[in-house]
Amino acid sequence: QGAGQQRWPLLGLLLLLLCVSGLQAEGESEEQKCLQEGRNLTVTCPYNINKYAFSLKAWQRVRSNGLLETLVITETRNADLNVAQAGRYLLEDYPTEAIIRVTMTGLQRGDAGLYQCVIHLTSQNLVILHHRIRLVQCSGLLELPSVPALIFVACGFVLNKGLV
Ligand SMILES: *[C@@H]1O[C@H](CO)[C@@H](O)[C@H](O)[C@H]1NC(C)=O
């Protein structure tokens, strides 16, 4: 048991480094989701109810050159529900719950890319909500756990070892 105990500090330190760097990356990060052709994608974005209950909401694609393409945007400022639909993009804004729900139906290969929920104050004044969503082609049937999930496990492990 003595020899086993000796190794924990080093392993713990390594995991702690991974943990800290992972959490830092997480702050500015994107959430990756698998693009499954033909399926629907649903994304939920919470927002600050006090600030933005009556603001317009939009779902945008962030092109690789940084250009923003608004795919769907609300046009009403109701207190209970605002719904907007444009082609395969549906945006439901629930001010009472302070969330936006976006649904992209019939996913296609070309949908791979970066997306974001925004509060649309003006076209020049956007507030990006939550983290951006990156739709990626996932090969094979096996879905690997996401990086955030691995970090979560690693951090839990470190905390656990640290406390014992
Ligand atoms: C996708 O959403 C549409 C519209 O809500 C629905 O009719 C369809 O059944 C959904 N498809 C899948 C695969 O869930």
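Good morning. I begin with one cysteine, Cys138, which is partly exposed, with a relative accessible area of 32%. Please bear in mind throughout that this is a predicted model.

What is the partner of Cys138? A disulfide joins Cys138 to Cys34, with an S to S distance of 2.0 Å. A disulfide of this kind is a covalent bond between the sulfur atoms of two cysteines. Cys34 is also partly exposed, its relative accessible area being 21%. Since burial requires a value under 20%, Cys34 at 21% is counted as partly exposed. The torsion about the S-S bond of Cys34 and Cys138 is about -100 degrees, and the disulfide is therefore left-handed. As for location, Cys34 belongs to strand β1, residues 30-35, whereas Cys138 sits in the loop between β9 (125-137) and α3 (147-163); the pair therefore ties together parts that are 104 residues apart in sequence.

How many disulfides are there? The count comes to 2. The other pair I wish to describe is Cys45 and Cys117, whose sulfur atoms are 2.0 Å apart. This pair also links distant parts of the chain, with Cys45 in strand β2 (residues 41-46) and Cys117 in strand β8 (residues 113-122), 72 residues apart. Here the angle about the S-S bond is 70 degrees, and the link is right-handed. Is this pair buried or exposed? Both Cys45 and Cys117 are buried. To place the two links side by side: the disulfide of Cys34 and Cys138 is left-handed, while that of Cys45 and Cys117 is right-handed.

I turn now to the salt bridges. The structure holds 6 of them, and I shall discuss three of these pairs. In one, the side chains of Glu30 and Arg134 meet, with an N to O distance of 2.7 Å. Glu30 lies in strand β1 and Arg134 in strand β9, so that distant parts of the chain, 104 residues apart, are linked. Glu30 counts as partly exposed, at 31% relative accessibility, and Arg134 likewise counts as partly exposed, at 27%.

A further salt bridge is formed by Arg63 with Glu69, the closest N and O atoms being 2.7 Å apart. Arg63 is partly exposed at 37% relative accessibility, and Glu69 is partly exposed with a relative accessible area of 30%.

The remaining pair for today is Asp111 and Arg88, whose side chains meet in a salt bridge at 2.9 Å, N to O. Which of the two is buried, and which is partly exposed? Asp111 counts as buried, at 3% relative accessibility, whereas Arg88 is partly exposed, with a relative accessible area of 22%.

In general, strands of a sheet pair through backbone hydrogen bonds, either parallel or antiparallel. Within this sheet, 5 bridges join β5 to β6, which run antiparallel. Gln85 stands opposite Leu90 in β6.

Finally, I would draw your attention to Thr74. Where is Thr74 found? Thr74 is in the loop between β4 (68-73) and β5 (82-86). At 2% relative accessibility, Thr74 counts as buried. Leaving aside neighbours within four places in sequence, Thr74 is in contact with Leu56, Lys57, Asn82, Ala84, Leu91 and Asp93. What does the side chain of Thr74 reach at 2.9 Å? The answer is the backbone nitrogen of Lys57. One further distance may be of use when viewing the model: the C-alpha atoms of Thr74 and His120, which are 46 residues apart along the chain, are separated by 9.1 Å.

To close, I return to the cysteines: this predicted model has 2 disulfides, with Cys34 joined to Cys138 and Cys45 joined to Cys117. Thank you for your attention.

How values were computed: Residues are numbered from 1 along each chain as its sequence is written. This is a predicted model: local features need pLDDT of at least 70, side-chain atom pairs count only at pLDDT 80 or more; totals for chains, interfaces and linings use all residues. Side-chain values use heavy atoms; hydrogens and water are left out. A disulfide is a pair of cysteine sulfur atoms within 2.5 Å. Helices (H or I, at least four residues) and strands (E, at least two) are DSSP runs, numbered from the N terminus. Buried means under 20% relative accessible area, exposed over 50%, partly exposed in between (1.4 Å probe, protein chains only). Contact means heavy atoms within 4.5 Å. A polar contact is a pair of N or O atoms within 3.5 Å; within protein, one must be able to donate a hydrogen and the other to accept it, and residues adjacent in sequence count only if both atoms are side-chain atoms. A salt bridge is a side-chain nitrogen of Lys or Arg within 4 Å of a carboxyl oxygen of Asp or Glu. Two strands pair if DSSP finds at least two bridges between them.
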